[in-house]
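Biologist: Hi! Could you walk me through this one in plain words?
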Amino acid sequence: MRREEVAQRYGESKTILHPSLGRIDVDAQVLFTENRAQTLVVMTARPGTESQDKLNSSPS
């Protein structure tokens, strides 16, 4: 397996409309390799927000 370093990164805010939890605001970080062959998207709710509370209280 060939390893590549993460070449670029950007972030932005997104809103997800979940069927049971409703609106969830998240920060999205997108990481991708130099040739863009691989992309990783990480979405997290900001600590102390209603969105985080919704995610923490949802059943696994």
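Biologist: Where does I16 lie?
Modeller: I16 lies in strand β1, which covers residues 6-18. Strands here are DSSP runs of E with at least two residues, and helices are runs of H or I with at least four, numbered from the N terminus. This is a predicted model, so local features need pLDDT of at least 70 and side-chain atom pairs count only at pLDDT 80 or more, while totals for chains, interfaces and linings use all residues. Residues are numbered from 1 along each chain as its sequence is written, and side-chain values use heavy atoms, leaving out hydrogens and water.

Biologist: OK, new topic. Where is S51, and why does S51 count as buried?
Modeller: S51 sits in helix α1, residues 50-57. S51 counts as buried because its relative accessibility is 7%.

Biologist: And what does S51 touch?
Modeller: Leaving aside residues up to four places away in sequence, S51 touches R23, I24, D25 and A45. A contact means heavy atoms within 4.5 Å.

Biologist: Now the whole chain: what order do the elements run in?
Modeller: From the N terminus on, the order is β-β-β-α, with three strands and one helix in the protein chain.

Biologist: How much of the protein chain is buried?
Modeller: Of its 60 residues, 15% count as buried.

Key. Buried means under 20% relative accessible area, exposed over 50%, partly exposed in between (1.4 Å probe, protein chains only).
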